[in-house]
Amino acid sequence: YASFAMSQFVSVKNGFGRYVRQLKRLTLQYCKHGGSSRGTREYIGKEVDDFVANNPEVAVYVRERPRRHPRLVGEFLNGNSRVVSVKNFDVERIEKQVNALRNMSGAKPA
């Protein structure tokens, strides 16, 4: 438990800590033409700029993945990664998944 708490907060000179988001990189992978990527393409067109502006500590990449279903890949400071399928998701569901990845600790699931 103590190591988890230490990974979440960094102490500064005045004795107070600040939160360090564990997600370091988010990759949105989609197919340019596939129907299952429609929501992902809409998210990229409408919402990804807001996410980038509000989360400058997270590097965001958009990568085309021809003839494959869309997915999100989150990479964390501790070296772990998480892949989330967003096949046939609408913009709202994708936004929820992106925010869930953003708020994760990066610890391996039990």
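A salt bridge is counted here when a side-chain nitrogen of Lys or Arg lies within 4 Å of a carboxyl oxygen of Asp or Glu. In this predicted model, Arg 25 and Glu 75 meet that criterion, with their closest N and O atoms 3.0 Å apart. Arg 25 belongs to strand E3 and Glu 75 to strand E5, so the contact ties together parts that are 50 residues apart in sequence.

**Strand E3 and its partners**

- E3 pairs with strand E5 (residues 71-76) in the antiparallel sense, over 6 bridges.
- Within this pairing, Arg 25 stands opposite Glu 75 in E5.
- E3 also pairs with strand E4 (residues 59-64); these two strands run parallel and are joined by 6 bridges.
- Tyr 30 has Glu 64 as its bridge partner in E4.

**Salt bridges**

- The whole structure contains 2 salt bridges.
- One of them links Arg 25 to Glu 75, a pair that also stands opposite each other in the pairing of the strands.
- Arg 25 has a relative accessibility of 29% and therefore counts as partly exposed, since that class lies between the limits of 20% and 50%.
- Glu 75 is partly exposed as well, with a relative accessible area of 23%.
- Another salt bridge joins Arg 21 to Glu 57, and the closest N and O atoms are 3.0 Å apart.
- Arg 21 sits in the loop between strand E2 (17-19) and E3, while Glu 57 sits in the loop between H3 and E4, so this pair ties together parts that are 36 residues apart in sequence.
- Arg 21 is partly exposed, at a relative accessible area of 21%.
- Glu 57 is likewise partly exposed, its relative accessible area being 40%.

**Negative surface patch**

- A patch of negative charge on the surface is made up of Glu 42, Asp 49, Asp 50, Asp 90, Glu 92 and Glu 95.
- Helix H3 (48-54) and helix H4 (91-103) are the elements that give two or more residues to this negative patch.
- Asp 49, one of the patch residues, lies in helix H3.
- The relative accessibility of Asp 49 is 59%, and because exposed means over 50%, Asp 49 counts as exposed.

How values were computed: Residues numbered from 1 in each chain as written. Predicted model: local features only at pLDDT ≥ 70, side-chain atom pairs only at ≥ 80, totals over all residues. Heavy atoms only, no water. Pairing = 2+ DSSP bridges. Helix = DSSP H or I, 4+ residues; strand = E, 2+ residues; numbered from the N terminus. Patch = residues over 30% accessible without salt bridge, like charges linked within 9 Å, V, L, I, M, F, W, Y side chains within 5 Å. Areas by Shrake-Rupley, 256 points an atom, 1.4 Å probe, with all protein chains shown as cover. Lys, Arg positive; Asp, Glu negative; His and termini not counted. Charge placed at Lys NZ, Arg CZ, Asp CG, Glu CD. Buried < 20%, exposed > 50% of the residue type's maximum accessible area, 1.4 Å probe, protein only.
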